[in-house]
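Work through these exercises with the structure in view. Try each task before you read its solution.

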Amino acid sequence: MKQNWWKFLAVALVLYSVVVGLLRPLNPGILKVNPISIEAGKSYDMTIATYNTDFQSGDDIQSYLKINDTFGIQSQQVEILAPNELKVTFDIPTKLPSILQRDAYSIILSADRVGTFIRPRAVSIVQNEIDISGAIAAWPQNSFGDFKKAAKANFPFRAILYESLRNLFYHVPMWFGMTFLLMGSLVCSVLYLANKNTRMDTRAAAMIQIAVLYGILGCATGAIWARGTWGTWWTFEEIKLNVSAATLLLYFAYFLLRAAIDDEVLRAKISSVYSIIGFVAAVFLLFVLPRMVESSLHPGNGGNPGFGGEDLDNTLRTVFYPAVIGWTVLGFWMAQLTFRAKFLQDYFLEKYD
Amino acid sequence: MKLNVCTLFLLVFLSSNQLVAADTIDKALHSSGKIYLVVGTLVVIFIGIIIYLFTIDKKLTNIENQIKDNE
Amino acid sequence: MIFYLHLDMKSILSLIHLEFKMELRRKYALGGALLYVLSTVFVIYTSLQNAENLPWNALFWLVALFIAVNAIAKSFAVEQDGTQLYLYQLASGIQVILAKMIYNVLLILVLLLLAMGAFLLFLAIPIQHVGLFVGTVALGSLGLGIVLTFISAIANKTDSSAVFTAILSFPVLLPILLSLIKLTKASFAAESTSVSQDIVILLAIDTILIGLILILFPIVWKD
């Protein structure tokens, strides 16, 4: 029992990431604004559909049309149509403090209990004449009131992703787990070459086996996520998909190489050597190439904001890191079961031979 | 009898349609929530672990047969 | 007559069955063929995708890849020539692999320069930066040469070394190939673009691989 603590740790962390990752709600957000295209100098009734809000009559709700950090208009009135739908009235002045004739501006909502949330570039406004100094003179400065804070911070609301943001805890740890398992197998391969104990090679192969399983699961879960957010199961234009497919091909080749060599010692030697070279290639494929491209849909690659920047806020971290540790340790447990079964098989083969 | 079943289906269909019409916003929210992607992901991972269980099961069966054959 | 035909059909069928069984006896044969097809198509597709609107760029490097695989795959096939065997017994593993790598890199360099000449002749491609293109070809033959030399040494331990040279080397060569395609794209662009990053990456891959190969080859070499 005592030496099994890490298995319980893995189970606890995975369970925690599944339960908390599924149950903790998203922050409120703005789903839809109607109309989305308006003209300066007119008054508009806009309906705003929101997500995860429970507006009740009597709530103090403020809404702003944000032009930039200094200038904004507060809506004339806010009417609650439903717990997740508002009607707000904006009087748009004729002149906007903006040098662009047409631009998209953000909408901010701030409400009791619910907190403050924003939809960037929600409405596009056309102004007929551009008079920025006149506009600045006419507009009140710092027109934003105190924004209300939510009672509790939850997972961030992200357009396009919405609830599927939670896949961060299930899709990404597959790749982290794969990477750590490959590192483990590298260590085992090097140890094999150092002291020629074929058991080390068996360990390395088992870890690669689970790493490949994680890689396939990463591809499959990524395909589902991509279908729902990017609109396609698989795209060869996305560098991360290409490099992960190449890494999987590399380790398929590794297993084929093992199958092709009958002599146990030679197999261990050759496959250890290939897995060391393959690991170097995998590092370049998975970690260097994706950073070299101009554009990528994945965060942290090719000009996208870094993973760990605004893509991973503190509420996500509290579930994401446990998930990574949990799935990694679970992977090592699975690998351990695999090579222990192989040891048993080898033991009996030798005994009955 | 057949007609009755058809009527029943039609009724259910119509009433569900009405329900949907009454609850359009909730439905839109549900589909835009994309929670089904998370469910799909978890199902795939579960299937992966089950596949792993079957492979280890097969390995252990092999070992058991080996022992049985030799005793 | 019918009887004979019947017998005939039966023996043909049993022969086919035997062929099939023999193919399946080598448990990796089917997987090998499948992976060979898969990784070939993958390399071709990824290269074409990365070359964007310059498909001949990807074609050039794919031609280079297959030329190199064919030239090097038999590099470690056991020679019957006695003097060669005797020489190998005298030399250390590091000497052998260095000699083979240098020879193969030079061989591929010559083959690639020929291929380059043929491409320029038939496709009439205007090179903007000749130095960069020739440098890319040289870097390419270095990368292809060292990786394929070592992989062919590994593949030679199996009994179908040509297939294994390809499927073991394609994923390892992919980062090199993609960098080469990027460099080639730059050498045909009208304006100069910064290429130092790609050159550094290529040199880094080559250096790390050469270092590892020099350490690992003696293990593969001595039986």
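A residue counts as buried when its relative accessible area is under 20%, and as exposed when that area is over 50%. Keep in mind that this is a predicted model.

**Exercise 1. A residue in a helix of chain C**

Task: Find C:Thr149 and decide whether C:Thr149 is buried or exposed.

Solution: 
- Step 1. Locate the residue. C:Thr149 lies in helix H6 of chain C, which covers residues 130-155.
- Step 2. Read its accessibility. The relative value for C:Thr149 is 0%.
- Step 3. Apply the cut-off. Buried means under 20%. C:Thr149 therefore counts as buried, at 0%.
- Step 4. List the neighbours, leaving out residues up to four places away in sequence. C:Thr149 touches C:Ile72, C:Phe76, C:Ile97, C:Lys100, C:Met101 and C:Asn104.

**Exercise 2. A residue in a loop of chain C**

Task: State where C:Val195 sits, and decide whether C:Val195 is buried or exposed.

Solution: 
- Step 1. Locate the residue. C:Val195 is in the loop between H7 and H8 of chain C.
- Step 2. Compare with the cut-off. The relative accessibility of C:Val195 is 15%, so this residue counts as buried.
- Step 3. Find its contacts, again skipping residues up to four places away in sequence. C:Val195 touches C:Leu132, C:Leu183 and C:Ala186.
- Step 4. Check a distance. C:Val195 and C:Phe164 are 31 residues apart along the chain, and their C-alpha atoms are separated by 33 Å.

**Exercise 3. A lysine in a strand**

Task: Identify the side chain with which the side chain of A:Lys66 makes a polar contact.

Solution: 
- Step 1. Locate the lysine. A:Lys66 belongs to strand E4 of chain A, residues 61-66.
- Step 2. Look for the polar partner. The side chain of A:Lys66 makes a polar contact with the side chain of A:Asp69, at 3.3 Å.
- Step 3. Look further along the chain. Not counting residues up to four places away in sequence, A:Lys66 touches A:Phe71, A:Gly72, A:Tyr105, A:Ser106, A:Ile108, A:Ile118 and A:Phe144.
- Step 4. A:Lys66 and A:Ala122 are 56 residues apart along the chain, while their C-alpha atoms are separated by 9.8 Å.

**Exercise 4. Which chains touch?**

Task: Of the two pairs of chains in contact, say which pair shares the most contacts.

Solution: 
- Step 1. Rule out a pair. Chain B and chain C do not touch, and their nearest C-alpha atoms are 17 Å apart.
- Step 2. Chains A and C share the most contacts.

**Exercise 5. Chain C against chain A**

Task: Describe the interface between chain C and chain A.

Solution: 
- Step 1. Count residues. Chain C gives 40 residues and chain A gives 31 residues.
- Step 2. Give the area. The two chains bury about 3,200 Å² between them, with 85% of it on carbon and sulfur atoms.
- Step 3. Name the top contributors. C:Phe42, C:Pro171 and C:Ile219 supply 16% of the area that chain C buries against chain A, more than any other three residues.
- Step 4. Count polar links. There are zero salt bridges between chain C and chain A. Two residue pairs are in polar contact.
- Step 5. Find the elements on the chain C side. Helix H2 (27-51), H6, helix H7 (161-187) and helix H8 (196-221) of chain C give two or more residues each. The largest share, twelve residues, comes from H8(C).
- Step 6. Sort by class. This side of chain C has 26 nonpolar, eight polar and six charged residues.

**Exercise 6. Chain A against chain B**

Solution: 
- Step 1. Count residues. Chain A supplies 37 residues and chain B supplies 26 residues.
- Step 2. Count polar links. Zero salt bridges are found across this interface, and four residue pairs are in polar contact.

**Exercise 7. Cysteines**

Solution: 
- Step 1. Recall the bond. A disulfide is a covalent bond between the sulfur atoms of two cysteines.
- Step 2. A:Cys188 is buried, with a relative accessible area of 6%. A:Cys219 also counts as buried, at 16%.

Technical notes
Residues numbered from 1 in each chain as written. Chains lettered and ligands numbered in written order. Predicted model: local features only at pLDDT ≥ 70, side-chain atom pairs only at ≥ 80, totals over all residues. Heavy atoms only, no water. Helix = DSSP H or I, 4+ residues; strand = E, 2+ residues; numbered from the N terminus. Buried < 20%, exposed > 50% of the residue type's maximum accessible area, 1.4 Å probe, protein only. Contact = heavy atoms within 4.5 Å. Buried area = accessible area lost by both parts, 1.4 Å probe. Salt bridge = Lys/Arg side-chain N within 4 Å of Asp/Glu carboxyl O. Polar contact = N/O pair within 3.5 Å; in protein donor to acceptor, adjacent residues only side chain to side chain. Nonpolar A, V, L, I, M, F, W, Y, C, P; charged D, E, K, R; others polar.
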